[in-house]
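Let's take a walk through this structure together. Keep the sequence and the 3D view open as you read.

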Amino acid sequence: MGQTYTIAITGASGSAFGVAVLKRLSANPQVERIALLLSPTGKRCLHDETGLTPKELAELPKVSLRDERDLGADVSSGSFRQDGMVLIPCSAGALGRIAAGTSETLVSRAADVCLKERRPLVLCLRETPLNRIHLENMLRVHDAGAIVMPLMPGYYSNPETIQDLCDTFATRVLDQLGLSEADARRWKG
Ligand SMILES: Cc1cc2nc3c(=O)[nH]c(=O)nc-3n(C[C@H](O)[C@H](O)[C@H](O)COP(=O)(O)O)c2cc1C
């Protein structure tokens, strides 16, 4: 059986990075299922920055959308077998909810479940500058087992387009999930 992942697009700038991760996961032969979550502001940012709708993203192979208002969705339970979750972009608000363990939204509940079940949780935070609360929350989730991976793309591969930046960052995210990619651009020394 292939791998199952959850991708959450929350209300921060950089939704194109979330789309890039989703596309690369969808194309990866090791992946069988992808649950897609979007917060209300995540939907708005996705539309403003890419022109895409959640429904269009859910047309990608293997991807199925969950309703953020449905706190009884499969991803809210530890019994749902999955191999990890990525919030990309991850807003400071989503980070704060996860750090506080409030589980009041489907995204924060699903993330909380990953932490309690010791499954990989990657938080691609997008906020700048950072205040003390953000910094403390990052340390808190790190100590609880999350991987804090701010949306800081690398420039050493000489990207020519925003898509190049998104793709190289997406490769690094898949690395964190233990997924290899045949066409990954990598530093060769
Ligand atoms: C257009 C727009 C852009 C935003 N960009 C960011 C951002 O880059 N980083 C951030 O932390 N919050 C940003 N916010 C604020 C969050 O969306 C807001 O705090 C929200 O409550 C986060 O909740 P969510 O994670 O459930 O989407 C933005 C809001 C809007 C409307």
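What follows goes from a pair of helices to the core, the ligand and a few backbone details.

First, some ground rules: residues are numbered from 1 along each chain as its sequence is written. This is a predicted model, so local features need pLDDT of at least 70 and side-chain atom pairs count only at pLDDT 80 or more, while totals for chains, interfaces and linings use all residues. Helices (H or I, at least four residues) and strands (E, at least two) are DSSP runs, numbered from the N terminus.

Start with helix α1 (residues 15-27) and helix α2 (residues 40-50), which pack at an angle of about 95 degrees with their axes 8 Å apart. That makes α1 roughly perpendicular to α2. Here, axes are lines fitted to C-alpha atoms, for helices over the stretch in contact, and angles run from 0 to 180 degrees between N-to-C directions. Angles under 35 degrees count as roughly parallel, over 145 as roughly antiparallel, 65 to 115 as roughly perpendicular and the rest as oblique. Where do they meet? On the α1 side look for Ser 15, Ala 16 and Val 19, and on the α2 side for Gly 42, Cys 45, Leu 46, Glu 49 and Thr 50. By class, this contact has four nonpolar, three polar and one charged residues (Ala, Val, Leu, Ile, Met, Phe, Trp, Tyr, Cys and Pro count as nonpolar, Asp, Glu, Lys and Arg as charged, and the others, Gly among them, as polar).

Stay in α1 and find Val 21. Is Val 21 buried or exposed? Val 21 is buried, with 27 other C-beta atoms within 10 Å. The cut-offs are 20 or more other C-beta atoms within 10 Å for buried, 12 or fewer for exposed, and in between for partly exposed, with C-beta atoms placed from the backbone. Beyond its neighbours within four places in sequence, Val 21 is in contact (C-beta atoms, placed from the backbone, within 7 Å) with Ile 7, Val 86, Ile 88, Ala 170 and Val 173.

In soluble globular proteins, nonpolar side chains tend to be buried together. A nonpolar core is a set of buried Ala, Val, Leu, Ile, Met, Phe, Trp, Tyr and Cys residues joined through C-beta atoms within 7 Å. The largest one here has 53 residues, and Ile 7 and Cys 124 touch the most other members. The element giving the most to this core is α1, with seven residues.

Now for the ligand: 17 residues surround it, and the closest are Thr 10, Gly 11, Ala 12, Ser 39 and Gly 93. A residue counts as near if its C-beta atom, placed from the backbone, lies within 6 Å. The largest share of this shell, five residues, comes from α2. By class, the shell divides into four nonpolar, nine polar and four charged residues.

Finally, some backbone details. A cis peptide bond joins Ile 88 and Pro 89, with omega about -5 degrees, and Pro 89 lies in strand β4 (residues 85-90). Another cis peptide bond joins Thr 128 and Pro 129, with omega about -10 degrees; Pro 129 sits in the loop between β5 (121-125) and α6 (132-143). Arg 118, in the loop between α5 (106-116) and β5, has a positive phi near 60 degrees and counts as exposed, with 8 C-beta neighbours inside 10 Å.

Conventions. Two residues are in contact if their C-beta atoms, placed from the backbone, lie within 7 Å.
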